[in-house]
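Colleague: I have a few "how do you know" questions for you. Could we look at the model together?

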Amino acid sequence: MADKKEMTVEEKLRALYDLQLIDARIDEIRNIRGELPLEVEDLEDEVAGLTKRLDKFNTSLESIDDDIKAKKNRIEEAKELIKKYNTQQKNVRNNREYNALSKEIEFQELEIELAEKHIKEFYAQIEHKKEVIETTQKRLEERQEHLTHKQDKLSDILAETEKEEKALQDKSEDFKAQIEERLVKAYARIRGSVKNGLAVVPIERGASGGSFFTIPPQVQMEIAGRKKIITDEHSGRILVDPELAQEEKEKMQALFQKL
């Protein structure tokens with residue numbers, strides 16, 4: 001990779017302030033989207049969760065249906081056995097055989113009773129699950145409708161801003177490539193430590209932009225001289241003079257309008 005072109009302090013200040021203006025515009029675009037991408041993501045997760053829940057309930061209903069069929073089959077088997085044992089009782093040779101068949105009949109009758117009890121319980125479960133499914137389905141339809149609305153809104157915003165944001169990000173990388181790595185790292189560190197993301201600010205009414213702390217006249221003169229990079233002792237931000245800031249703002253505004 002070729003070495004970066006040696007820049008004067010003024011050129012570094014201008015490049016840093018241009019970088020700040022570009023990144024601030026990217027921040028502005030992202031603020032327009034606000035929490036919308038996260039809202040869409042949360043809604044997508046919720047819809048997926050409700051869909052999965054419905055699938056589980058429907059699978060559970062199918063399983064209960066199979067259980068009911070199995071119990072009904074068991075009842076029919078028991079009835080056939082009772083019929084068979086009743087017939088056999090008519091042909092027994094002694095009380096012992098008769099009593100053994102009676103116990104078998106009693107056992108099968110208990111099996112029928114138990115199966116019928118289970119079937120009633122299964123039908124109660126089905127009714128409960130159907131109520132839950134209906135409620136969940138309504139909730140899913142409502143959240144899906146809300147998600148579609150949010151997705152459409154996000155798509156509209158992205159359609160308006162995505163191209164500009166991409167172009168600005170490319171410009172931001174171009175400016176970073178021109179500035180020495182030490183300054184880029186310092187800029188990124190400051191930007192990450194301040195609430196509004198402003199790492200390079202002009203002097204406004206004798207104080208650094210967004211600050212109420214007055215900058216001594218001697219320091220203001222040094223900043224205006226553009227011979228060295230000076231930071232605000234209170235906020236740590238890199239300071240530029242108002243004239244340089246205005247010139248770069250006008251230049252960058254023209255660039256933004258072309259994007």
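Colleague: Which residues of H6 are buried?

Modeller: This is a predicted model, and in it the buried residues of H6 are Leu244, Ala245, Glu248, Met252, Leu255 and Phe256. Buried here stands for under 20% relative accessible area.

Colleague: What puts them on the same side of H6?

Modeller: The arc they cover around the axis is only 95°, and therefore they sit on the same side of H6. On the other side, Glu243, Glu250 and Gln257 are exposed; the cut-off for that word is over 50%.

Colleague: What covers the buried residues of H6?

Modeller: The cover includes H1, helix H3 (95-178), E1 and E4. Helix H1 (residues 9-33) also lies across E1 and E4, at about 105° to E4.

Colleague: How do you know that the span of helix H6 agrees with its 17 residues?

Modeller: Helix H6 covers residues 242-258, and at 1.5 Å a residue it should span 24 Å. Its end C-alpha atoms are 25 Å apart, so the two values agree.

Colleague: Happy with that. What makes E2 and E3 edge strands?

Modeller: Strand E2 (207-208) and strand E3 (230-231) each pair on one side only. They belong to an open sheet of 4 strands in the order E2-E1-E4-E3, with mixed pairing.

Colleague: And how many bridges join E1 to E4?

Modeller: There are 3 bridges between strand E1 (residues 200-204) and strand E4 (residues 238-240). Two strands count as paired with at least two bridges, so this pair qualifies. The two strands run parallel, and Val201 stands opposite Leu239 in E4.

Methods
Residues numbered from 1 in each chain as written. Predicted model: local features only at pLDDT ≥ 70, side-chain atom pairs only at ≥ 80, totals over all residues. Heavy atoms only, no water. Contact = heavy atoms within 4.5 Å. Axes fitted to C-alpha atoms, helices over the stretch in contact; angles between N-to-C directions. Expected span 1.5 Å × (residues − 1). Buried < 20%, exposed > 50% of the residue type's maximum accessible area, 1.4 Å probe, protein only. Arc of directions from axis to C-beta.
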